[in-house]
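I opened my notebook to look up a few things in this structure.

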Amino acid sequence: MLRPVDPSDVPPPVAYRVPWHVSREDSAHPVVINQSSEAADFVRVFRGDRGGNETTQLWGQVLPAERMELCLCSADLDEVVVTLAWFRQSDGLEYVWRFVV
């Protein structure tokens with residue numbers, strides 16, 4: 001339902017932009033870069049494919065501009081899904097983001 005905008009209304013918070021960029025120059029070794037100005041805490045990486053190959057890596061804190069390389073050599077690159085989970089210091093919430101190569 002549409003309604004007129006009241007200038008006295010508090011604007012909604014700005015959406016949180018996913019901090020990750022993935023460089024896929026080598027699909028078996030994608031590089032994940034934290035492009036945010038804030039650190040990501042307790043970062044975990046989960047990957048799995050149809051062949052049942054599942055792994056978990058604990059990266060800990062990933063600082064701004066830090067680059068982390070994934071080794072997907074044993075994965076089926078046509079099927080693998082990589083999931084990143086992390087916490088933000090500013091709100092303490094856990095975030096999850098998935099990508100494919």
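I checked Cys-71 first. Its sulfur lies 3.4 Å from the closest cysteine sulfur, in Cys-73, and that is too far for a bond. A disulfide here means a pair of cysteine sulfur atoms within 2.5 Å. Cys-73 is therefore in no disulfide either, with the sulfur of Cys-71 as the nearest one at 3.4 Å. I found zero disulfides in the structure.

I noted that this is a predicted model, where local features need pLDDT of at least 70, side-chain atom pairs count only at pLDDT 80 or more, and totals for chains, interfaces and linings use all residues. Residues are numbered from 1 along each chain as its sequence is written, and side-chain values use heavy atoms, with hydrogens and water left out.

The cut-offs are under 20% relative accessible area for buried, over 50% for exposed, and partly exposed in between (1.4 Å probe, protein chains only).

Next I looked at the sheet. It is open, has three strands in the order S1-S2-S5, and pairs antiparallel. Strands are DSSP runs (E, at least two residues), numbered from the N terminus. Two strands pair if DSSP finds at least two bridges between them. S1 (20-23) and S5 (67-69) stand at the edges with a single partner strand each, so one side of each has no neighbour in the sheet.

I followed S2 and S5, which pair over three bridges. Val-31 stands opposite Glu-69 in S5.

Asn-34 is buried, at 1% relative accessible area.

Technical notes:
Helix = DSSP H or I, 4+ residues; strand = E, 2+ residues; numbered from the N terminus.
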